[in-house]
Each structure stands twice: as structure tokens, then as C-alpha cells.
Amino acid sequence: DKGGERVRQPFPSLTANPVDVVGAGDSLLSVVALALAGGADLLESAALGACAAALAVQTIGNIPISLGALEHFIRSEIL
């Protein structure tokens, strides 16, 4: 909320062909919560959560996302 205005930021899909959506919401919410607790703002936290969810849908089952996998995903998407 900036001066009474709501700011919106769309996030494109980060995964073209999801394999299994189990765990995507868990990954998104846990990474958003951790990022916010670590001092990131809401937009940064949401972006990190979206990356974690994108990783989660690339594997079958509810498999935890490692920090290394998240870092690798972010670097590969940015560069």
C-alpha cells in the first residue's frame, strides 16, 4: 500500500509443464514466511515463494526444496 494505492505485480508462470502440483502451496507459503521473517519485503518474498513453488511442481511428490536448488533455479532464471 503506497499512499492509499494498492500496488500489483503479476508473476508469470515459472514452469511450463508441471509434473505434480503436490507441495507447491506448502513450498510457496513456507518460503514467503521465511523470507518475510528474514527481512525481505512482500514483493521479494512472493518472488522467492513463486520460485520455490515452480521447483516443487517439477518433481513427483511433496519433496522439500533445498536452499541450493532454490539458489540454482533463481540464478538460471535470471541469467
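## Legends to the close-up views

**Figure 1. Arg6 is located in the segment before H1.** The model is predicted: local features need pLDDT of at least 70, side-chain atom pairs count only at pLDDT 80 or more, and totals for chains, interfaces and linings use all residues. Residues are numbered from 1 along each chain as its sequence is written, and side-chain values use heavy atoms, with hydrogens and water left out. Arg6 has a relative accessible area of 76% and is therefore exposed (over 50%; buried means under 20% and partly exposed lies in between, with a 1.4 Å probe and protein chains only). Between the C-alpha atoms of Arg6 and Val22, which are 16 residues apart along the chain, the separation is 31 Å.

**Figure 2. Three helices and zero strands make up the secondary structure of the protein.** Helices (H or I, at least four residues) and strands (E, at least two) are DSSP runs, numbered from the N terminus. The pattern along the sequence reads α-α-α. The C-alpha trace spans about 45 × 25 × 25 Å along its principal axes. Of the 79 residues, 25% count as buried.

**Figure 3. Asp20 is buried yet has no salt bridge.** A salt bridge requires a side-chain nitrogen of Lys or Arg within 4 Å of a carboxyl oxygen of Asp or Glu. For Asp20, the nearest side chain of opposite charge is that of Arg75, 26 Å away (Lys and Arg count as positive, Asp and Glu as negative; His and the chain ends are not counted). Asp20 lies in the segment before H1. Its side chain reaches two backbone nitrogens: that of Gly61 at 2.8 Å and that of Val22 at 3.1 Å.

**Figure 4. The second largest pocket has a volume of about 180 Å³.** A pocket is an open set of points on a 1 Å grid over the protein atoms alone, where a 1.4 Å probe fits, with protein on both sides within 12 Å along at least five of seven lines; lining residues have an atom within 4 Å of a point. Grid points are joined across faces, edges and corners, and the volume is the space filled by probe spheres set on them. Helix H1 (residues 24-37) gives the most to this lining, with six residues. The lining includes Asp26, Ser27, Leu48, Ile63 and Leu70. By class, it has eight nonpolar, three polar and one charged residues (nonpolar: Ala, Val, Leu, Ile, Met, Phe, Trp, Tyr, Cys and Pro; charged: Asp, Glu, Lys and Arg; polar: the others, Gly among them).

**Figure 5. Asn62 lies in the loop between helix H2 (42-56) and H3.** Asn62 also belongs to the lining of the second largest pocket. Its relative accessibility is 45%, so Asn62 counts as partly exposed. Asn62 and Cys51 are 11 residues apart along the chain, and their C-alpha atoms are separated by 15 Å.

**Figure 6. Phe73 has its place in helix H3 (residues 67-78).** Phe73 is buried because its relative accessible area is 6%. From C-alpha to C-alpha, Phe73 and Pro10 are 19 Å apart in space, and they are 63 residues apart in sequence.

Methods. Polar contact = N/O pair within 3.5 Å; in protein donor to acceptor, adjacent residues only side chain to side chain.
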